[in-house]
Amino acid sequence: MFEYIKQPWQTLYLAYQVPATLCVLLPVWVVTYALPTLRPRPAWTWGHAIAIALCRHINLISFSVGGIPSFPDHHAIVPSKEAQGIWIDGAPQLITADLKVWTALSKVQPVRIPGYWYGKKGIVPGPTSPVQPGDKVFLYLHGGGYVVLSAHPKSLTSNIPRALVELDDSIPRALAVEYRLSSTHPLPDRNPFPTALLDALAGYNYLVNVVGYSPSNVIVAGDSAGGNLSLALVRYLVENRGTTDVSLPGPPGGLLLLSPWTDLSDSHDTPDSSAFANKGDVLPSMTDDFPFYAKRAFLGPYGLGMAVSNRYISPASLSPLANARFIGFPRTFIKAGGAERLLDQIRTLRNKMVADISEDKVTYYEAPDAIHDYLAFPSHPACSSTLKAIQHWLA
């Protein structure tokens, strides 16, 4: 991970990879995937199989050089015609219980971060008048393993909030939080857990206590690692409701989890699991460099052992030490792809949530043969039906 981030190695690596991809790998895929039986999924079309293989390979190149292209981060608001940037102040007054302990141990603090308003086509992205009692909004937390991508429209994942705001006229806006990304060697050690949770909490506080949305009218949405962060944020609001030393806003009215990363331990990584069986996914194997780097960077001083039982980090862990419960969680929509590596752990999350808050409050949608986080790819064949299912859930 990031082994070629420095010059001249980055240029030399790209000078090798670009022609090798176009002149060697691409022709191999074109010929190989002409036969449906040789595609990762026989149900995939020839073009779809090639597109996924190319995307997966570009991801691996990007992980090696530190991003293609580089994305905006929490240091500055980058103007865009597609979204309206705003500053979100940290919320130190809302830190209590376990979060207070973890913040001290990790030596991280709340800071001012950017956020980006996305609006339905034809309207100004950010609110232009005082919020009315029935107004609803999405709080969106992007994916990227806690180490890459962005809330900015330049990021591939921005296709998700853009799609969400078009689904229901009563929810015309989404605020995407530019939470701080984690890093570790060969980059500096920065922003381990619970940094992203502090920033997500600041975004929620901004919507409720600054802009004026009622908590019951906020839908917290996240994809991949953003789904993990969405679960952590809602858990914090639920578990510390009514705490005497802080005035926490109430939990949101809904939780939307899109291919969520729900187990950062290896409890689901058995030989016959989706983590290894779904080899055609855009995600690399859970034992490859990127997932391992992402876990090390996010867990920081706590080490990989923290992921086994911590309910904020691995709410779907199968370990006997795991203690994640979901009593008090709001109505939830969970989406998964049948071809994604995270499928087993997402199903475990669904089962745990159903056991705690009932099947009536948990809507599960699994798209057959779909890859991880496919809503980030608007041309993916499963997008239309999935968005209709979310639209029905929102109504």
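The model is predicted. Its secondary structure consists of 11 helices and 8 strands. With a radius of gyration of 20 Å, close to the 21 Å from the globule rule for 395 residues, the protein is as compact as a globular protein of that length.

**Overall dimensions and packing**
- Along the principal axes, the C-alpha atoms occupy a box of roughly 60 × 50 × 45 Å.
- Of the 395 residues, 56% are buried.
- Among contacts with a separation of 6 or more, 78% are between residues 24 or more positions apart.

**Helix H6**
- Helix H6 spans residues 225-239, and its 15 residues reach 21 Å from the first C-alpha to the last, close to the 21 Å expected at 1.5 Å a residue.
- The helix is mostly covered, with 14 of its 15 residues buried.

**Salt bridges**
- The structure contains 10 salt bridges.
- One of them joins the side chains of Arg311 and Asp98, at 2.7 Å from N to O. Arg311 sits in the loop between helix H9 (306-309) and strand S7 (331-337), and Asp98 sits in helix H3 (residues 97-106), so this pair ties together parts 213 residues apart in sequence.
- Arg311 counts as buried because its relative accessibility is 18%, whereas Asp98, at 29%, counts as partly exposed.
- Arg311 also meets Glu239 in a salt bridge, at 3.0 Å from N to O.
- Glu239 is partly exposed, with a relative accessible area of 37%.
- Arg325 and Asp356 form a salt bridge whose closest N and O atoms are 2.6 Å apart. Arg325 lies in the loop between H9 and S7 and Asp356 in helix H10 (residues 343-357), so the bridge ties together parts 31 residues apart in sequence.
- Arg325 is partly exposed at 48%, while Asp356 counts as buried at 18%.
- Through shared partners, salt bridges join Asp98, Arg235, Glu239 and Arg311 into one network.

**Surface sites**
- Tyr4, Trp9 and Leu12 make a nonpolar surface patch of about 330 Å².
- Leu12 belongs to helix H1 (residues 9-32) and counts as exposed, at 51% relative accessibility.
- Ile123 lies in the loop between strand S2 (113-119) and strand S3 (137-141) and counts as partly exposed, at 34% relative accessibility.
- Apart from neighbours within four places in sequence, Ile123 is in contact with Pro172 and Arg173.

Notes. Residues numbered from 1 in each chain as written. Predicted model: local features only at pLDDT ≥ 70, side-chain atom pairs only at ≥ 80, totals over all residues. Heavy atoms only, no water. Helix = DSSP H or I, 4+ residues; strand = E, 2+ residues; numbered from the N terminus. Expected span 1.5 Å × (residues − 1). Buried < 20%, exposed > 50% of the residue type's maximum accessible area, 1.4 Å probe, protein only. Patch = residues over 30% accessible without salt bridge, like charges linked within 9 Å, V, L, I, M, F, W, Y side chains within 5 Å. Areas by Shrake-Rupley, 256 points an atom, 1.4 Å probe, with all protein chains shown as cover. Salt bridge = Lys/Arg side-chain N within 4 Å of Asp/Glu carboxyl O. Rg over C-alpha atoms; globule rule 2.2 N^0.38 Å. Contact = heavy atoms within 4.5 Å.
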